[in-house]
Amino acid sequence: MKKLLSLLVVLALGYAGLYVYYGVAVKQEAQAQLDDLGLSSISVDNVEYGLLAPISTSANITMTVAYRGAEAALDIAVQGHPVFSDEVSVEFDGLQAIRLGIGFGQGED
């Protein structure tokens, strides 16, 4: 019984590592594609995806991107596996939300 429990713990730790690394890989791939398009001033801030995304070759994710004071939450479709595949496609699927930040600086008197 201890061997089974140990095996389950090792598998869970391995999957947790794959889950975290998947997010990093998707974020890097999306940022690289933005840079290739000449949009290097747009930064990818956050990537959210489902629990089973790291074990499938296609996934729908939500990505938060920022440009100066504006943020947008985008629905993205990932085709291919960013960890195990050389061919990965990150495609825009839709816009969830956009937030604009308006800052008022200190004016001189």
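Reply: Let's start with a pair across two strands: methionine 63 stands opposite leucine 74 in β3. This is a predicted model, where local features need pLDDT of at least 70 and side-chain atom pairs count only at pLDDT 80 or more, while totals for chains, interfaces and linings use all residues. Residues are numbered from 1 along each chain as its sequence is written, and side-chain values use heavy atoms, with hydrogens and water left out.

Me: Thanks! Which strand does methionine 63 lie in?

Reply: Methionine 63 is in strand β2. Strands here are DSSP runs of E with at least two residues, and helices are runs of H or I with at least four, numbered from the N terminus.

Me: And is methionine 63 buried or exposed?

Reply: Buried, because its relative accessible area is 3%. Buried means under 20% relative accessible area, exposed means over 50%, and partly exposed is in between, using a 1.4 Å probe and protein chains only.

Me: What is methionine 63 in contact with?

Reply: Leaving aside neighbours within four places in sequence, its contacts include Val26, Ala30, Val44 and Leu74. Contact means heavy atoms within 4.5 Å.

Me: What about threonine 64, buried or exposed?

Reply: Threonine 64 also sits in strand β2, and it counts as buried because its relative accessibility is 12%. Among its contacts, again leaving aside neighbours within four places, are Ser43, Asp45, Glu71 and Arg99.

Me: Why is β2 largely enclosed by the rest of the structure?

Reply: Because seven of the ten residues of β2 are buried.

Me: How many bridges join β1 to β2, and how many are there between β2 and β3?

Reply: β1 and β2 run antiparallel, joined by five bridges; one of the pairings is serine 43 with alanine 66 in β2. β2 and β3 are also antiparallel, over ten bridges. Two strands pair if DSSP finds at least two bridges between them.

Me: What do β2 and β3 form, and which residue in the turn has a positive phi?

Reply: They form a hairpin with two residues between them, and arginine 68 in the turn has a positive phi of about 55 degrees.

Me: New topic! How many aromatic pairs does a search of the whole structure find?

Reply: Two. In one, the rings of tyrosine 19 and tyrosine 49 have their centres 4.7 Å apart and their planes at 50 degrees, so this pair is tilted. Tyrosine 19 is in helix α1 (residues 2–36), whereas tyrosine 49 is in the loop between β1 (43–48) and β2 (58–67), 30 residues apart.

Me: And the other pair, what angle do the planes of tyrosine 22 and tyrosine 49 make?

Reply: Their planes are at 65 degrees, with centres 5.1 Å apart, so that pair is edge-to-face. The rule is that rings of Phe, Tyr and Trp (its six-membered ring) pair if their centres lie within 6.5 Å, with planes under 30 degrees apart counted as stacked, over 60 as edge-to-face and the rest as tilted. Tyr19, Tyr22 and Tyr49 form one aromatic cluster.

Me: Last one: where does histidine 81 lie?

Reply: Histidine 81 is in the loop between β3 (70–79) and β4 (89–100). It counts as buried because its relative accessibility is 6%. Residues it touches include Tyr22, Ile55 and Val88, not counting those up to four places away in sequence.
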